[in-house]
2 protein chains.
Amino acid sequence: MRPTVHDIAEKAGVSLATVDRVLNNRPGVKPKTRALVEDAIAEIGYVRDVAAANLARKRLYRFEFLIPDSDNSFLDQLRAAVHEVAALSRVERVEIGVREVAAFDAQALVAAMRKAMMGAPDGIAIVAIDEDSVRAGTEEAAEAGIAVVTLVSDLPGSRRIHYAGIDNLAAGRTAASLLGRFMGATGSVGVIVGSLNARDHRERLAGFEQVIERKYPEIRILPLIEGRDDPARVQRLAERLLAEQPELSGLYSLGAGNRGLVKALRAHSPVRHLPVIAHELTATTRAALSEGLFDAVLNQDAGHEVRSAVRVMKAHADGLHTVDAQERIRIDIFLKDNMPQ
Amino acid sequence: MRPTVHDIAEKAGVSLATVDRVLNNRPGVKPKTRALVEDAIAEIGYVRDVAAANLARKRLYRFEFLIPDSDNSFLDQLRAAVHEVAALSRVERVEIGVREVAAFDAQALVAAMRKAMMGAPDGIAIVAIDEDSVRAGTEEAAEAGIAVVTLVSDLPGSRRIHYAGIDNLAAGRTAASLLGRFMGATGSVGVIVGSLNARDHRERLAGFEQVIERKYPEIRILPLIEGRDDPARVQRLAERLLAEQPELSGLYSLGAGNRGLVKALRAHSPVRHLPVIAHELTATTRAALSEGLFDAVLNQDAGHEVRSAVRVMKAHADGLHTVDAQERIRIDIFLKDNMPQ
DNA sequence: CTGTTAGCGCTTTCAG
DNA sequence: CTGAAAGCGCTAACAG
């Protein structure tokens, strides 16, 4: 049997209460006694039974998820994932709140963070916006002992305890590497971004350019198209591109709004096939893969991200460690042939 | 507060003991009383606190992992993953045993299963061999109330409760799809298998052939090379292939023993680059990717597989459900540009 | 500063 | 067939 608090108490010749005080380093223990207990703990190789502790403590973990209110499929998945985890988690003493926040609005995000902090939760998960006001908000939370986890888009240089999302630089590099090959290492490639204010989009672009320049010097990157993740706008701009750039021989859509792109391509595809790589496996991109309109889709699994965020915040609350490999969010590469289901 | 057994007892007008008997459907309760309690449970929306139950019960989950004794990097990873999980799990009341089994030997596997069953564990994880004797062994275990999970290689048509591994057919298709493009949809492709007695290898091959035939009719598949997952043998056969097949324009290594392949390619690569796709991200394949000798590596994450197997067996033991999406093992596609770390 | 005691939600003897 | 009571490993008043 694993040693228990009773064993420590006996070995150290003190009461359970004192052991508990030392274990949870609460004040009111004479240094000498403390040392006595600590020695016993070490010698005996005690590990706390977190489940029993939580039971006695009636511990309830409370986390707040702040999700942008943008209307795109990936965020729908993210929201769905949060709600699913929330439902399942009630059984495990975790209570998850979800708040919608105006998208791409640092002020709104910080305001939402402050509001969330009022409830003194154990942790807050945010889709970060890369601005100093948000860093300051994170700092405030950290100061108040509230763990902040960034989701999907990171906030380097802040006191967030974890980033649950993919390496967007690597994603951009991967897209370039695949697309370069699909294009036969030559021709002109169009790049559709959402907004360069979003850090994840900037990073994808940087990674993409890096590899195209180094590895495919014969490929020319056409002037960027900013689709603002808006299907209608993306469609209009893509149609224009397809019409006006006869030498176009590849397309990388690194943001959202792919519904518009697919419409434009569908009208165009009878003319000639164009290698296309996009992000996030949604109903739209999935269909495009099946039809052969898209050649690859890079994906981040929203479910994994949310579960990982919860695991990390919970471990943090318990002062426990996490398995790094388990928390690394992968860049999934989907082709027509390995789509799930 | 969530309703507890006390609430049920009160509502049904019975004692805790009776509630417990009903909850764990143990005998010795008058049908009428049982119904009374069941109604109360339903009405009140009770969900058992598994942690508290386990504490009271001093529950200990015991699982046995039967791992082939082959000497290859992937199995090393798998073994390492089992030991890592074993170490971490002691804290969570799960005790994991590991036994080595002669590789590719159905008899040995069944014998090991029987031996493992003697200890009456809650579950056994096996790297299945696709033979009826193993199905029978699984049946025996199921009969004895021991859950069997297949790891890495599945055993369809058996009573295993779960398969923790990738879809090897899809993996083969994916390899074909990528390699076909990398080869420019034309030329001759060599395929190195481990052994066609292994179901996972057979399936990868089938998926590969399927896509090459349908999608790349111009590509010719050369006669199979059986490397038996043995580096030395793979090297010899690969060297011969490279020397004797001047029209060779692509290579798919779907088994292990890639160390030998890399040596052969390294000697060959100054001559001309050959698109190569292999399986499992190990030190060898990782280096080959970096060097540009391999173009892509399809991977299954041994850590995920083991953790998933444990989660599923544990949930089964508790009569709980699992999140399908979480337990699906993905086919990771690694290029030079998205290798982790 | 330290110890006693009564639980947390559930299971399990042991009587009746 | 049913119930009372003790206890799993830990925490939290409340006394001293």
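In this predicted model, strand 4 (residues 147–151) of chain A runs parallel to strand 5 of chain A and is joined to it by three bridges, where strands (E, at least two residues) and helices (H or I, at least four) are DSSP runs numbered from the N terminus and two strands pair if DSSP finds at least two bridges between them. Within this pair, Leu151(A) has Ala164(A) of strand 5 as its bridge partner. Both strands belong to an open sheet of five strands in chain A, paired in parallel in the order 2-1-3-4-5. Strand 2 (94–101) and strand 5 (162–164) of chain A each have a single partner strand and stand at the edges, so one side of each is left without a neighbour in the sheet.

The domain assignment, automatic or taken from a database, divides chain A into domain 1 (5–48), domain 2 (61–164 + 302–327) and domain 3 (168–299). Taken over C-alpha atoms, the centres of domain 2 and domain 3 of chain A are separated by 30 Å.

Residues are numbered from 1 along each chain as its sequence is written, while chains are lettered from A and ligands numbered from 1 in the order in which they are written. As this is a predicted model, local features need pLDDT of at least 70 and side-chain atom pairs count only at pLDDT 80 or more, whereas totals for chains, interfaces and linings use all residues.
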